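Here are my notes on the model, point by point. Please read them with the structure open.

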Amino acid sequence: MKPTIKLTLKPLQQSLLLGLATLSLAGCQVLGPFYSRPEPQVPTQYTDGQASQMTQEQQLALQQWWTLFNDSQLNQLVETALAKNNNLQSAIARIEEADAFARESGSNLLPTVTATGSGIRNRVTESGIFPVFGENPRKTYKIGLNGSYELDFWGRLRRANEAARAQLLSSRYAKESVTWSLSSLVTNHYLMIRSLDAQLRVNEQNLKTAQDSFDLAKRRVEGGIATVLDAHQAELVVTTLQTQALELKRQRALSEHQLGLLTTDLGLKIPAGDLMAMPAPVTPPTGLPSALMEARPDVRQAEQAMIAANANIGVARAAFYPSISLTGTYGAESIALNNLLKSPARVWSLGLDINLPIFNGGRLKAREDQATAQQKQTLASYQNTLQTAFTEVSDALSNTSQYREQELLARSKEKTTANILAVAQNRYQAGYTSYLEVLDAQRNHNEATQALVQSRQNTLIATVDLFKALGGGWKPETVKQEEYYKK
């Protein structure tokens with residue numbers, strides 16, 4: 001039969017426990033301030049003719065926006081970078097650290113219990129002022145459980161846990177920011193390589209035309225119907241294009257090296273491709289609201305930092321109030337190991353610790369002021385992040401629209417200069433004009449073809465910038481353009 005222990009509480013103890021129970025029911029208030037999202041200091045719609053009529057579902061970001069370019073090589077590069085990039089691995093490790101910190105902070109809301117045990121053999125002096133009774137040296141054996149629990153009357157622990165959770169979310173959004181920037185960097189470098197490929201292809205075509213003109217000029221010089229100056233001018237065009245090709249190849253190699261660094265594949269080689277064959281992603285619909293930028297991870301990260309700073313004010317204010325903890329022990333103590341588990345060896349204690357600050361030289365007030373100042377800093381940072389995001393989206397919308405129009409004009413100009421070059425070459429072969437007219441037509445056509453490639457690159461990169469500015473993109477399959485025009 002197990003022995004039973006009956007605790008008889010004295011009146012003082014009864015009053016103490018009754019007071020604690022009443023305080024726990026009436027108290028347990030959480031000190032403010034409590035977080036509420038501040039009003040964004042940005043317009044509700046973009047200045048580029050955008051209405052504000054998209055539904056919440058249509059504001060969902062398209063996470064894998066790079067797939068809209070329909071390029072398997074690009075998709076593979078982005079996936080590799082997201083899996084292996086060292087900066088991203090570091091961000092993931094910071095999430096793990098913040099998660100562990102949040103779990104540690106949350107554990108403070110629970111009681112702590114530890115098990116103890118000891119076996120001591122010691123000898124005391126027999127020449128002291130107190131006589132020694134019994135065995136000397138003597139043995140003592142102890143086992144027990146120690147427990148403590150802080151009563152979170154003022155919400156200090158809960159506000160600290162709130163701050164830790166916000167920091168965890170902030171680290172997750174920071175990782176999304178790295179992902180967000182990394183995918184944009186990979187895509188931009190890839191588009192640069194494709195642009196250089198297109199420029200090399202155009203250079204090769206122009207070089208062939210220039211070489212044909214040089215051969216023709218040499219034949220005309222040999223036939224006595226042209227001057228040596230024509231041959232030298234034609235040769236200069238060939239040399240200029242050859243030099244340009246070398247520079248384009250150098251830039252391509254550097255972009256390839258950057259892609260290798262981002263994907264941790266330092267020996268990466270990208271086969272030649274055609275920028276002009278890549279489709280431009282869908283145009284943004286009218287009706288993109290400024291609230292869409294709240295999906296950006298940097299905006300969310302700034303907000304979580306503000307939530308954490310707000311909670312830290314509550315932690316600082318709770319320090320002005322008394323902290324109350326319950327402590328208790330239960331165990332056994334005996335001079336004989338075989339008596340340790342018997343009823344006479346049992347010991348226990350129950351206590352209450354109260355810590356009330358009386359005078360600290362203004363230290364607690366200074367800490368509250370620090371927390372308040374930090375909250376003001378995070379608020380200003382949040383508003384600045386929102387305003388920066390709004391500006392970036394507005395810029396990207398303008399660039400996307402303007403570059404598309406420039407590309408159409410560049411395409412028309414390229415066709416016109418090609419026709420002019422053909423006419424100039426025919427006139428020169430027929431002897432109606434000097435070679436200077438051919439040179440001028442070749443120069444204009446070379447510039448036009450390079451400008452067309454550059455315009456195409458600008459259009460695609462502007463689209464990437466828009467995806468990045470919006471924090472991912474929009475879902476084109478949910479967009480019905482006629483729904484977003486202002487009524």
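1. Arg-250 is partly exposed, because its relative accessibility is 43%. Its salt-bridge partner is Glu-247, with the closest N and O atoms 2.7 Å apart. Glu-247 is partly exposed as well, at 32% relative accessibility. Both residues sit in helix α5, three residues apart, or about one turn of the helix. An α-helix has 3.6 residues a turn, so residues three or four places apart point the same way. Bear in mind throughout that this is a predicted model.

2. A second pair is found in helix α7 (residues 363-429), where Asp-369 and Lys-365 are four residues apart, about one helical turn. Their side chains meet in a salt bridge (3.6 Å, N to O). Asp-369 is partly exposed, with a relative accessible area of 40%. Lys-365 is partly exposed too, at 43%. Elsewhere, salt bridges with shared partners link Arg-194, Asp-197, Arg-252, Glu-256 and Lys-269 into one network.

3. Which parts does the salt bridge between Arg-201 and Asp-274 tie together? The side chains meet at 3.6 Å, N to O. Arg-201 belongs to helix α4 and Asp-274 to the loop between α5 and α6 (297-318), so the bridge ties together parts 73 residues apart in sequence. Arg-201 counts as partly exposed, at 33% relative accessibility. Asp-274 also counts as partly exposed, at 33%. In total, the structure holds 22 salt bridges.

4. Now the overall layout. The protein has eight helices and four strands. From the N terminus, their order is α-α-α-β-β-α-α-α-β-β-α-α. Of the contacts with a separation of 6 or more, 84% are between residues 24 or more positions apart. Of the 487 residues, 39% count as buried.

5. The largest nonpolar core has 26 residues, and Val-186 and Leu-259 touch the most other members. Elements that give two or more residues to this core are α2 (72-84), α4, α5 (228-262) and α8. The largest share, seven residues, comes from α4. Leaving out residues up to four places away in sequence, Val-186 touches Leu-77, Val-78, Ala-81, Leu-259 and Leu-262. Apart from this core lies another, of 17 residues, including Ala-210, Phe-214, Ala-234 and Leu-439.

6. Is Ser-184 buried or exposed? Ser-184 is buried, because its relative accessibility is 3%, against a cut-off of under 20%. Ser-184 lies in helix α4 (residues 156-222). Beyond its neighbours within four places in sequence, Ser-184 is in contact with Trp-65, Val-464 and Lys-468.

7. Helix α8 (residues 435-469) passes a simple length check. At 1.5 Å a residue, its 35 residues should span 51 Å; the end C-alpha atoms are 50 Å apart, which agrees. Just after α8, Gly-471 takes a positive phi of about 80°.

8. Finally, the surface. In soluble globular proteins, nonpolar side chains tend to be buried together. Here, however, Ile-354, Leu-356, Ile-358 and Phe-359 make a nonpolar surface patch of about 530 Å². Ile-354 is placed in strand β4 (residues 346-355). Ile-354 counts as exposed, because its relative accessible area is 56% and the cut-off is over 50%.

Terms used. Residues numbered from 1 in each chain as written. Predicted model: local features only at pLDDT ≥ 70, side-chain atom pairs only at ≥ 80, totals over all residues. Heavy atoms only, no water. Expected span 1.5 Å × (residues − 1). Buried < 20%, exposed > 50% of the residue type's maximum accessible area, 1.4 Å probe, protein only. Contact = heavy atoms within 4.5 Å. Core = buried A, V, L, I, M, F, W, Y, C linked by side-chain atoms within 4.5 Å. Patch = residues over 30% accessible without salt bridge, like charges linked within 9 Å, V, L, I, M, F, W, Y side chains within 5 Å. Areas by Shrake-Rupley, 256 points an atom, 1.4 Å probe, with all protein chains shown as cover. Salt bridge = Lys/Arg side-chain N within 4 Å of Asp/Glu carboxyl O.
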